[in-house]
Amino acid sequence: MSEAELQVRPGVERVDDAQALQTSFRQAMRRLAGGVALVSTVHDGVRHGMTVTAVTSLTMDPPALVVSVNRHASAFDALVLSGRFCVNLLTQQHADLAAAFARKPDGDARFANGAWRINEAGLPTLDGSVASISCRVHDLVEYGTHAILIGAVEHLEIEPQQPMAPLIFLSGQFGGFWPLTA
Ligand SMILES: Cc1cc2nc3c(=O)[nH]c(=O)nc-3n(C[C@H](O)[C@H](O)[C@H](O)COP(=O)(O)O)c2cc1C
């Protein structure tokens, strides 16, 4: 790129030092609004789950999604060993559950609150979720502290009620979504 093309916007913070990059990347990602979900599984008869925002669709054909999971998370081994998980997309009614699934106690105790049942795919499903998407782990890609689980969708339950009130996480806070209407 020629000097003529390179333009630095005044007033915008630029970061390229490795350690500062990590801190600033965290700050940048806090500015990305994310839908909140609980990932749940069962292994050796014990339920495990955790709160995630790093979940997105991968492809519609075949239906598949990806979720990025910290390899030190209490649920990680169970997710990998069971080879199956359910992504429960939360509503604004579920902010307390989202907080509870990200702190102690872990394991089965996390399921003490919420309308949980075992669905036809044999996975813990939260009634009242916007949607519950049951997946088989197709592949796993490790990178740094995390692993991306590729989930092949096997079973779906979708809340028919409209309009939705999805739970959104932005800048460390739970909130909602309001469409821009004319
Ligand atoms: C709103 C929110 C979103 C989160 N998103 C993720 C995520 O996408 N991936 C992840 O590995 N951890 C995520 N976490 C953190 C995990 O929920 C939490 O660290 C995890 O449950 C670890 O705790 P544990 O080892 O006690 O289970 C998120 C936490 C919160 C509160």
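**How the terms apply to this model**

Modeller: Of the protein's 182 residues, 25% count as buried. This is a predicted model, in which local features need pLDDT of at least 70 and side-chain atom pairs count only at pLDDT 80 or more, while totals for chains, interfaces and linings use all residues. Residues are numbered from 1 along each chain as its sequence is written.

Biologist: What makes a residue count as buried?

Modeller: At least 20 other C-beta atoms, placed from the backbone, must lie within 10 Å of its own; 12 or fewer makes it exposed, and anything in between partly exposed.

Biologist: Which residues are closest to the ligand?

Modeller: Met 50, Val 52, Ala 54, Asn 70 and Ser 74, out of 17 that surround it. A residue is near a molecule if its C-beta atom, placed from the backbone, lies within 6 Å of it. By type, the shell has ten nonpolar residues, five polar and two charged. Nonpolar means Ala, Val, Leu, Ile, Met, Phe, Trp, Tyr, Cys or Pro, charged means Asp, Glu, Lys or Arg, and the others, Gly among them, are polar.

Biologist: Which strands each supply at least two residues of that shell?

Modeller: β3 (46–52) and β5 (63–70). Strands are DSSP runs of E with at least two residues, helices are runs of H or I with at least four, and both are numbered from the N terminus. The protein has twelve strands and three helices.

Biologist: What makes β5 and β10 a pair?

Modeller: Two strands pair if DSSP finds at least two bridges between them. Seven bridges join β5 to β10 (residues 146–158), and the two run antiparallel, so they qualify as a pair. One of the residues closest to the ligand, Asn 70, has His 146 of β10 as its bridge partner.

Biologist: How many bridges join β9 and β10?

Modeller: Twelve, again antiparallel, with β9 covering residues 131–143. Arg 136 stands opposite Ala 152 in β10. The hairpin of β9 and β10 has two residues between the strands, and Gly 144 there takes a positive phi near 60 degrees.

Biologist: What is the strand order of the open sheet?

Modeller: Seven strands, paired antiparallel, run β3-β2-β6-β9-β10-β5-β4. β3 and β4 (55–60) are the edges; each has a single partner strand, so one side of each lacks a neighbour in the sheet. The twist averages 30 degrees from one strand to the next; angles run from 0 to 180 degrees between N-to-C directions of axes fitted to C-alpha atoms.

Biologist: What joins β2 to β3?

Modeller: Seven bridges, with β2 (residues 37–43) antiparallel to β3. Leu 38 stands opposite Thr 51 in β3.
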